[in-house]
Amino acid sequence: MSYIGNQPTQIAFLTDSFSGDASTTVFTMSVAPANTASVLVAIFGVLQDPSTYSVVGTSLTFSAAPPSGTGNISVRYLGIPASGVTTTAYRTVTEFTATSGQVTFTPPSYTPGFIAVYRNGVMLGSADITATNGTTVTLATGASTGDLITTESFLVSSVLNAIPNIAGSVVSSNIQTGVTLTSPIITGSTPQITIYTSGSGTYTVPTNCRWLQIEMAGGGGGGGGSSAGSSSGGNGGTGGTTTFGSSLLTCVGGSGGQWGGNGTNGGAGGTATIGAGASGLAVTGNVGGSYPGGYNSTNVYTLGGVGGISPLGSVSGGAGANGAGGAGGGSQGTLIVVGTGGGSGGYIKANITSLSSTYAYSIGAGGTAGTAGTSGYVGYAGGSGIIFITAYF
């Protein structure tokens, strides 16, 4: 079915059910209706005249006890008073037939300033009455026998705990203790990517960000230099440590490669650690390529050890990309001892779901290249560390 405007919604009337026992006349309802006309009462399905019962608060009182039966009394609420309202605004009219000279009349309790008094249909002015105590009304001049004195009083309604429709009206005291407010998901938001390749600083979490994914690596170790014969080449430098947060994510740089005469092993890979507050994958870096051993023949090229490979960067017989180790120095000629490759930095891919507002970061530098010995070649520098930050909304 089509509708003009919003589709109507339906909800059942609230109903109480009681069992009569031929003696009980008072029953307790689940809510307090505004008055007798706010409920429909039926016994054995027969609608009862409102003159046969009364309603005061949550008490339903019959003038005569209903007969015995299981669930034979039905009370259907036609409306339920709004919660948080101290009184319902209405007027109360009370009529008195005066005696000769009567000056004091007692209407139901009223709020001073919210009552009008009439004598034979004519409203009396403030100089003609005294109505200040909330319980009695006193005429300035006594009434005559048979005068109709009418009081019309008004109860003043007030809504408790209403929040004004103005900016800043909701504060922390309006929020129930223990309730956590979650930022809304921004539908269709594109993740925000930030990349750091050098230096240090502070990353500020974007507004409405729900979680971060961090991918990072430490600096790669530098490759060792080569030299002729027993003449020493230099070892590569160790890569710097990359960090994100305070003791949160740490990728140690890879160790430098060696001159072949100092050892045949490539530089060790850096370690990786994930602290409390993040979860994910932490991988130790790869070891640099080793020294192939022996001396080369005349005019034959011999390559140095390759640098350790990182998930975020690799080498191609030269300087390391981000996080990768540098290659060792090679040779051309006779009696050349080549260098070994530097190790790659530690690697992390982790998620942070309980966010701080900011995080300190520092990028580890790549390890320096090993120097060349006599008639040798320098190694290659390691790749600098790197941090990829993806903010999801």
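Start by selecting Tyr 53: its relative accessibility of 6% makes it buried (buried is under 20% relative accessible area, exposed over 50% and partly exposed in between, with a 1.4 Å probe and protein chains only). Before going on, note that this is a predicted model, where local features need pLDDT of at least 70, side-chain atom pairs count only at pLDDT 80 or more, and totals for chains, interfaces and linings use all residues. Residues are numbered from 1 along each chain as its sequence is written, and side-chain values use heavy atoms, leaving out hydrogens and water.

Rings of Phe, Tyr and Trp (its six-membered ring) pair if their centres lie within 6.5 Å, and planes under 30 degrees apart count as stacked, over 60 as edge-to-face and the rest as tilted. Tyr 53 and Phe 62 have ring centres 6.3 Å apart and planes at 65 degrees, so they are edge-to-face.

Phe 96 is buried at 18%, and Phe 105 is buried at 1%. The model holds 8 aromatic pairs.

For the last stop, show Asp 147 and Arg 119, whose side chains form a salt bridge at 3.0 Å, N to O (a side-chain nitrogen of Lys or Arg within 4 Å of a carboxyl oxygen of Asp or Glu). The count is 1 salt bridge. Asp 147 is buried at 10%, while Arg 119 is partly exposed at 22%.
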